[in-house]
Each structure stands twice: as C-alpha cells, then as structure tokens.
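I opened my notebook to record what I looked up in this structure, one topic per entry.

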Amino acid sequence: MMPGRVSTTVPDRIAYARDLWPRGLITLSGGNPAPHQPDAVVWPVSTEEVQDIVRAAARTATPIVPFGAGSGVCGGTLPIKGGIVVDLKRMRAVVEVDAVAGAATVEAGIIGEHLEHELNRRGFTLGHFPSSIMCSTFGGWLAARSAGQFSTRYGKIEDMVRRVSFVDGRGELHSVDASGTPDITQWIVGSEGTLGIITRATVTVRPSPERQLYRGWSFPRVASGCEAIRRLLQRNLRPACVRLYDELDSFLHRGEKDHDEGVPESSGPEAMLEQYLSMLTPTGKSVIGEWKRRAIALALNRPELVNRVAGAVLPYAQKGCLLIVGFEGDKGLCEAEARAATVELERAGGRDLGEGPGLRWLKHRYAVSFRMQKVFDAGAFVDTMEVATSWDKLLDLYRAVREAVSPLAFIMAHFSHAYVDGCSIYFTFAARGANTADAERKYDAIWKAGLTAVTKAGATISHHHGVGLSKAPFMPEEHGAAMEIYRALKNVLDPSGIMNPGKMGL
Amino acid sequence: MSEQTGDGGQAGAGGGGGDGNEAPFWADRLVHAVGAAHVMSENGRALVRPGAPAELVDVMRIAGEVGAAVGIGLGAHNAGGIDVDLSRMCNVLYLDETSLTVTVQCGITVEALEHALGERSLTLGAALPPWSRTRTLGALLAAPRASEASPRTGRFLQSCIGVQALLPDGTEISTRLAPRKATGPDLMHVVLGGRGTLGILSAATVRVQRRQESRAAAAFKLPTLPAALSTARKLIVVGGRPADLAVSGTGTLWLEVDGPAALVAAEVALAERIAREHGGEPVPQTPPPRIKARPHERAVPLETVDSAVLASSLVGDSVRVIAWHPAGACVVDSARAPEPPPADAPALVAALKRRLDPNGRLVAWPGAV
Ligand SMILES: Cc1cc2nc3c(=O)[nH]c(=O)nc-3n(C[C@H](O)[C@H](O)[C@H](O)COP(=O)(O)OP(=O)(O)OC[C@H]3O[C@@H](n4cnc5c(N)ncnc54)[C@H](O)[C@@H]3O)c2cc1C
C-alpha cells in the first residue's frame, strides 16, 4: 500500500513529533526534541487512500493524527499516543473554481499561500490571510477554525464553508452541505482531527479587490479605540481589517524615529517575536533603541514591575493607541465605506494618521517569524492568547486577563477580528524561567491564570488558535454540559476512538 | 406555539399513555409540575404549557420516568405523548444594546419580538418573510426555512450566537456567548436545525440591528428572468450587502439598503451598474406585492440558481426568488402549497439521535419544513 509514501524512519518520526506549541519549544530547548513520536508517517494522495489508512487503523485500534503543516500552536498534532501521522499535503488540488457562483472546491492539504495564489490567478481571493499563510494548510484552517487578518470583511474560515467532505474514524466518506438542517459542516469544522480527516471543502471566494484603502488612526485610550470599532461595525460598515494596539503594543510597534509616529514596524505580535529575539540574541539586529532593549530584558525578569510601570506611565508618555483600518473590494463600495468610516472615527475622537501606517502594515503583514525558536534558547518564552467576547464585556475581559497574567509575564494586546456583536483580543506574553523545568512551570501557571480569568469573565478561551492539547483541560469549563454532545459526536463518528486521541478534553 | 400548518411529520411515538378517553396516568404529575391550568390531557396524550425553564425540566424528567414521548407543537399529530407548548416562555431575558444582541425565551413569536425590539429602535437583523412572523423563535431556529435569509446576515440561523436547551435526557446546556469561537465543533448546531429531535431550545441569543441613518429602495427591470437572476447573483458575489433583495418571475429586481448615506448610495449605484450590464433599466420602485400565505419554497444553491428556477417552469408573478445570501437563495411560488417536511433525517443526524436519545424520547416537529 502506498509505496514510497509511508515512513517509519527515525528522522521522519522526529520531524512529525511536533507542532509550534511554544511549550514544546521550551521542552526542545531543554534538550528533548521529541517526547512523543508517531510510529509511522503517511502521505496519501487520494480520498480512497485516506479511507484505506483509516480502515486499517480502526481494525488495529491504531491512533491517527491528521497533519496539515504543523503550524498549530496548541499541540494539536502531537502524537501523544503514538500511531500514524497522516500528512495531507499531497492532496493539494484546486478542484474547481466556480466564477459565476463565487465558490472554490479545494483539497485539504494545499498550503494557504498556494491556494490564494491560484485563486488570484483566476481573478479571485479567499480573503483568508492568517500570519501563518505560508506554513499552514486549507484543511488545518478548517480543522482549527482559523481566522485571517481580513476576517472582519471575509469572515473566519467557518463562515466561508459551503460543503465539507471528510473521512470519519471508521473510514467512511461523508459530504455535508452548509444549507442542510442541522448544518453538519459546523460539527466537523473545528473538530481538530478528533472526528475525522477533512479531505476537501467548497468555500465562498470573492473577486480580487478592485481597490484597497488602508489608514492609521490614533486614539487616546484602548477604550475609545474599541468604541470607535464598535460604531463602525454597527453602522453596517465592513472594514477588511481593524487592528487596535493597546498602549504597550502601540509603543513597541512604533519606529525609532519620532516622526514615524504610529507606524507599525511589522505585522503584529507574530513578528513581535522576531523583535524579541533580535533583542535577546547578540547577533540579532535590533530595531529599537538600547533603552527599550533594557526595558524588555527587565520585563522578562520582573514582569509585574514593568507591567505596572507601563500601565501607569504609558498612557501619558505615549501618543495613544494605534488603530489600523482598511477597506477593500468593489471600488465604489470601498470608497464610500472609507468615507463613512472617516466621519465615524473622527466623531469617536480619533486622529487621522494618514495612509502611511495603513500601507506599511499591509506591506508587512506577511512578515511571519519562522525563527521563533531563538527566543527560547535564551531561557525565555513567548506565546499568544486569543480570546473573544461581546462588546459589553470586552474591556472587563481585557483588564481581567492583564491582571491575572501581569504578575507572571510581560503582557500586551491588540484588538482585531471585530464583529457587530463583539471582538477578539490577542494577548502576547513573554517571560523567562531559570531553567527548562522552571520555564515549563511558569508557562503552565500563566495559561492557567489567564484562561481562568477568561472563563470567569464569560468569554471564550479561543477565538482562532483552537484547543489541541494545551487548552484541553479548560474544555469542561468552556462547554459545560454541552460536552456531552461532543462526546456523542465522537462516539458516532469515531467509535474506536482512534482519531487524534487525547485532545480537546474529550 | 403550535405549528400546525404543515402536514406530515411523524406522529408522537406512543408513550405509556392510557386507553380510551382517559387522561394518561401521568397527567397528575404534569399538573403538579406546571399547574392545572396549563395541562390538557385526553386519550393517552397531554398538552402542557411550561412557564419557566425549571418547569420544562420537570416535564422532561416526568416524560423520561413514565416513558412518554415529547414533542413541541405536535398538536393533532400527538398520538400519545406530551405535546409541549412553549408559548408561555416568551420573555425577553436580556437586551444588550452595546453588543446588539438579545437573549429571549424561545416561545416568543417573531412578531412579538420585533414589537419589543421596536420600542428601542431595534429590529432583528435578518429580513424575514411576512409568513414567518407568526412563527416562534424556537421554530425559526430548530426548523429553519430556506426563505429565512438575507444578503447581509445570511441564513437567520447565523444570527444566533448561543442557545439554552434541554437534551433528550433532560440535561440542560447553555452555550458560551462569543462572536466566534475556536473551541471544537459548534455544538449549538446540533440543536439548531434539529427540528426538536436532538434537544429542545428554551432560550437563544440572537443579533439585532439598530435602525440605520438612511435607507433606500430601488428596482430594475431586466429583459429576461435569467438576466435578472444573473444580476442578483453577481451583486451577491461581488460583495453587495443589501438588507433585502428579490427577483420576480417576470424579471424585476428589487433591493433595499440601509446604513450611512454614502454607503447606501454606493450600494444602489453598484446594483444599477450590474443591472445595466445585463441590459436592465431602473424602474419606479414599488414594493413587490405581498405574499401573505405561506408559499411553496425551495432552497437553491447560488451555483444553480438560474437552471433551478428555469427548470421549475415558472412564469408570472406567483414566483419570486428571495432570501439571497452568499451561498444561495430561495424560490417561492405562491400558487403552490407548501411542501411537507422531509420524512427522514440525514444518516449522520439519525445516528447522533440514537446516541443522544436512545429511547426516542423527542419526536419531530410537524410543519417544520
Ligand atoms: C507564526 C504563526 C502565526 C499564526 N497566525 C495565525 C493567524 O493569523 N490566524 C490563525 O487562525 N492561526 C494562526 N496560527 C496558527 C495556525 O497556523 C493555525 O491554527 C492553522 O489553522 C493550522 O494549520 P496547519 O495546516 O498547520 O494545521 P496543523 O498544525 O497541521 O493541525 C492543526 C490541527 O488540525 C488538525 N488537522 C490538520 N489538517 C486536518 C485535516 N485535513 N483534517 C482534519 N484535521 C486536520 C490536526 O490534527 C491538528 O489538530 C499561526 C501560527 C504560527 C506559527
């Protein structure tokens, strides 16, 4: 079966024993590269092969871990019970683009950037641009309910789904439609490999934008910035992107030169990691001044102190919070929306910083850090916590998480992915442990404190990174008695329990 | 909240009811749970009107203990079980004007909910057809129809961000409220669209809209029906988001837009440009004649909307294509009677039902197309 596309060699087993869960990187820097290795890795090329693999595994009760590109940040692809890693990347066809109906049918294993490129070639866009677009797959997006930077206009990946085909844990192929009742696509999307392997899906695509208008705005405080975003959304405006950086995040995004005010250096916290590591490694090229470098070194050692000082001083020392707002699409609609937004943002107390910051952000939005690991070598670690709630609880959530995490880590945030009824907050935190064990302990304590605060504030523990292994312990709190439904789904679709076992708190 | 317009649907699977004209032996227990004024029983079946979630829980518990089937709005179709009428559970529990969401008990009708929202200059986000106005929120969410959708908000179901429900074994669930989540399958979608067979919705949180600064309506006459359908589809595909959009069987396209004045003007201009590309002309806007009685309706995916409409040999004004949204639309024909609900649930739904409800406690909702 599948000659040349099955491997049990040690290098392959080690290569597939990971994802980008930062805790795994801490363990790695402690000298343990692959605590959980699969027994084999396979690279199917067709749905039939996927079915054959799953049937064989079900017969022998062998665990299966679906694998896209391993860019997940929650330990979702770690083969903690061994078994077979099924890498979908060879199933990468763009099966059909229906230009008239604005729909594309695509195989799961295609790398995001390749998909977008292929759609662009035909005059379309998926409008899905996660920072990891170059190192994640279409199937991985669906499996983990991913969100792109332009989700405010195009939706999260689950909003685009019209049809999903998947092979369940018995090897049976299903093809389900979002217009069905119930909408079974929403059972499968987000299931992170626990219910089956997504083989292809049909999603909504849009004509490539005729026009893109991006600007920067400055708001005195997080609160006024959030209020402005809420007003835009509730007036029927659909920016492609809104990103509000809190005081600290804005501060770190600001260039050295003062006249460059409010210009982001990079695409966001993912690229911030790169900044951290450039500051922490002797060879790294620092993009910020020496005193800022010291501040951050201090932040990693004495987070509570720095957070407190930053919280007290920054709002006054700073020029406020940076907001990036972008519109795109049909030329006429886009220009009208941008005009209406300008009125609204001025009314909300914003100061127009012009196109500069917007264009700069647009240009650097792909600046993803693939070199995150270096920061971990220095004994420090960085991670992100992306949560969401309704507008009425948003600032309480922001404060609660900051308060809970501040004593343990240096923390900052931005607000992105806005909806009519609420918004997500993307926290970035960094800390340092004395040694690997200490770092792991601190890391776990931060997550526990942070997510407990999130749950208590009535918000969701994940907006788009998923649950995997890292957030599994928080699933009972998140779902309460409804976990019974998830277990029932698991039982129906994967009766022998082979699909990505040990994940999602099942 | 009885929905008795439809025919078909499974009759309540027999429970442990009595014979003849007698009230079932468990009727007393129901009386104890919800009060005598809210129980009617005869011929081994009962109609109950719980007034609060705790009473609904009691009803479900009793049903479980005596082995009676439970359905919502089964009415005459209730052959021998408990017919639950949620019309007393119609309170607005929480109106969040900051987030523009409302949490309401599921026995409320669309009409009543719109009335309550109207007092605060709010409205349900989706443009719902007039024949849905007497439906309850529970019916809209558990047994959605193809006509309940609009370009801006998508299917009405997509306005729902959270539910409180009872599973067949009586377990109460309450999903976490957030605009979006990435915490596994969206479990709410087991009960939504489940036609009352996988759980009973007791309350839901749905998005609402504030009345917008300006509003406009426009109409275009297209040379042919296919040209009108192509215009509507193109408008959806390029990202037009009118509040409402409809195409008549004779090739007229109507739309309604609202929002900031600049956006409203641009939306109408976009529609006009696309209509002209298809040989259309603006015509004086008169609202399309109202369809009052519930028509025959059929969901069509955007891919095949033209062939599906043309194949249904439609002419004249009894036909209309409404409820356009990013994935499809709905063809309604007021000259034809509504269709009965589908006889069988999809295989996966049936399998999940066996797991969640091994004794077949919850029975389907008749009239739920
Ligand atoms: C630098 C960086 C930036 C990031 N930025 C973003 C961002 O902006 N937005 C965002 O949403 N995420 C982001 N992520 C997280 C990550 O890219 C997403 O979670 C992505 O969806 C994972 O895709 P993948 O193909 O790499 O999946 P993997 O990591 O391979 O798998 C993720 C999970 O899905 C399952 N899975 C994968 N493919 C399938 C399939 N075909 N069928 C069933 N299950 C499957 C796996 O078993 C696993 O549980 C970022 C990650 C990094 C490292």
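How much area is buried between chain A and chain B? I found about 5800 Å², of which carbon and sulfur atoms give 60%. Buried area is the accessible area (1.4 Å probe) that two parts lose on being put together, summed over both. The size of an interface is often given this way.

Ground rules. This is a predicted model, in which local features need pLDDT of at least 70, side-chain atom pairs count only at pLDDT 80 or more, and totals for chains, interfaces and linings use all residues. Residues are numbered from 1 along each chain as its sequence is written, chains are lettered from A and ligands numbered from 1 in the order in which they are written, and side-chain values use heavy atoms, with hydrogens and water left out.

Entry 1, chain A against chain B. I looked up which residues take part, contact being heavy atoms within 4.5 Å. Chain A brings 83 residues and chain B brings 65 residues. On the chain A side, N236(A), D421(A) and I485(A) supply 12% of the area buried against chain B, more than any other three residues.

N236(A) made me check its backbone. N236(A) has a positive phi of about 70 degrees although it is not a glycine. I located N236(A) in the loop between α9 (222-234) and β13 (241-245) of chain A. Helices (H or I, at least four residues) and strands (E, at least two) are DSSP runs, numbered from the N terminus.

Next I looked for charged pairs. A salt bridge is a side-chain nitrogen of Lys or Arg within 4 Å of a carboxyl oxygen of Asp or Glu. The rule finds 6 salt bridges across the interface of chain A and chain B. One salt bridge joins R273(B) to D330(A), with the closest N and O atoms 3.3 Å apart. I also noted 29 residue pairs in polar contact between chain A and chain B (both at pLDDT 80 or more). A polar contact is a pair of N or O atoms within 3.5 Å; within protein, one must be able to donate a hydrogen and the other to accept it, and residues adjacent in sequence count only if both atoms are side-chain atoms. Helix α20 (residues 483-493) of chain A gives the largest share of the chain A side that touches chain B, 8 residues.

In the contact, 13 residues of domain 1 of chain B meet 23 residues of domain 2 of chain B. Together the two domains of chain B bury about 1500 Å² between them, 60% of it on carbon and sulfur atoms. W131(B), P151(B) and R152(B) lose the most area in domain 1 of chain B to domain 2 of chain B, together 50% of what that side buries.

Which residue meets R152(B) in a salt bridge? I found D258(B), at 2.8 Å, N to O, between the side chains. The rule finds 1 salt bridge across this domain interface of chain B.

I counted 35 residues around the ligand, and the closest are P66(A), G68(A), S71(A), S132(A) and T137(A). Here a residue is near if one of its heavy atoms lies within 4 Å. A polar backbone atom of G68(A) is 2.8 Å from an oxygen atom of the ligand. For W141(A), a backbone N or O atom lies 3.5 Å from an oxygen atom of the ligand.
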